[in-house]
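Keep the sequence and the structure side by side as you read.

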Amino acid sequence: MILKAFKPSIKELAPFIEEAISQGKDVRLTVTGYSMYPLLRSGTDDVVLKKHGELKKYDVVLFKRGDGSYIFHRIIKIKDNVLTIAGDNETKKETPVMLSSVIAVMKSFYRSGKKHSTDELWYKLYSRLWLFIFPLRHIAAKMFHNTAKFVRKIKGAFCHKKSK
């Protein structure tokens, strides 16, 4: 008998996650996607989620969008029961996100088997710095894209001359 690896989607796992969280249990999941890079790396890092109490700016939360998709992003602003959210690798803010759509908040994460808490000083500094530079992210992304394009062009010209 051949066993295949079973990797359920977040939509398939959501009912189990929501039930465990509502019972006060922590849930550990492997990150998929790149919206929280560089903090979280897809396919290698795990996050530990817990039931949220009072949410704060800088918290990273799992929430359900109106279209039924599940998203894991950072809170940028809270006003009344409305959140403004964005991934660490995003250049656009998402709002309104209703407080009632939040399922859980990140408690810690694992990288290379080492646990990192959201209470650690370096994490708190990273969160604040990353949010502080949010308005400049699109500029940094454009500079990176243009630099990469220029390097490819130079490499192409150099390789073309060499082959003659």
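Around the second largest pocket sit 20 lining residues, and K56, D59, M106, T118 and D119 are the ones nearest its centre. A pocket here is worked out on a 1 Å grid over the protein atoms alone: it is an open set of points where a 1.4 Å probe fits, with protein on both sides within 12 Å along at least five of seven lines, and lining residues have an atom within 4 Å of a point. This is a predicted model, where local features need pLDDT of at least 70 and side-chain atom pairs count only at pLDDT 80 or more, while totals for chains, interfaces and linings use all residues. Residues are numbered from 1 along each chain as its sequence is written, and side-chain values use heavy atoms, with hydrogens and water left out.

The elements giving two or more residues to the lining of this second largest pocket are β7 and α2, with α2 supplying the largest share, 4 residues. Helices (H or I, at least four residues) and strands (E, at least two) are DSSP runs, numbered from the N terminus.

Volume is the space filled by probe spheres set on the grid points, which are joined across faces, edges and corners. For the lining, Ala, Val, Leu, Ile, Met, Phe, Trp, Tyr, Cys and Pro count as nonpolar, Asp, Glu, Lys and Arg as charged, and the others, Gly among them, as polar.

| Largest | about 530 Å³ | 14 nonpolar, 7 polar, 1 charged |

In the largest pocket, 22 residues form the lining, and I10, L29, T30, V31 and T32 are the closest to the centre. At least two lining residues come from each of α1, β1, β2 and β4, and β4 gives the largest share, 4 residues.

Back to D59 for a moment. You'll find D59 in the loop between β2 (46-50) and β3 (60-64). Is D59 buried or exposed? D59 counts as buried because its relative accessibility is 14%, where buried means under 20% relative accessible area, exposed over 50% and partly exposed in between (1.4 Å probe, protein chains only). Not counting residues up to four places away in sequence, D59 touches E54, H73, R74, I75 and V105; contact means heavy atoms within 4.5 Å.

D45 is another aspartate to look at, this one in the loop between β1 and β2. D45 counts as buried, since its relative accessibility is 1%. A polar atom of the D45 side chain lies 2.8 Å from the backbone nitrogen of R41. Leaving aside neighbours within four places in sequence, D45 is also in contact with L29, T30, V31, L39, L40, Y110 and R111.

Now for the inside. As for L49, its contacts beyond four places in sequence include I21, V27, L62, F72, A104 and M106.

On to the backbone. Most residues other than glycine have a negative phi, and most peptide bonds are trans. Which peptide bond ends at P38? The one from Y37, and it is cis, with omega near 15°; P38 sits in the loop between β1 and β2. Another cis bond joins T95 and P96, with omega about 0°, and P96 lies in strand β6 (residues 94-98).

Y58, in the loop between β2 and β3, has a positive phi near 90°, and its relative accessible area of 21% makes Y58 partly exposed. D80 also has a positive phi, near 60°. D80 lies in the loop between β4 and β5 (82-86) and is exposed, at 69% relative accessible area.

N81 is found in the loop between β4 and β5 and counts as partly exposed at 47% relative accessibility. The C-alpha atoms of N81 and L99 are 5.1 Å apart, although 18 residues separate the two along the chain. Leaving aside neighbours within four places in sequence, N81 is in contact with V97, M98 and L99.

How values were computed:
Polar contact = N/O pair within 3.5 Å; in protein donor to acceptor, adjacent residues only side chain to side chain.
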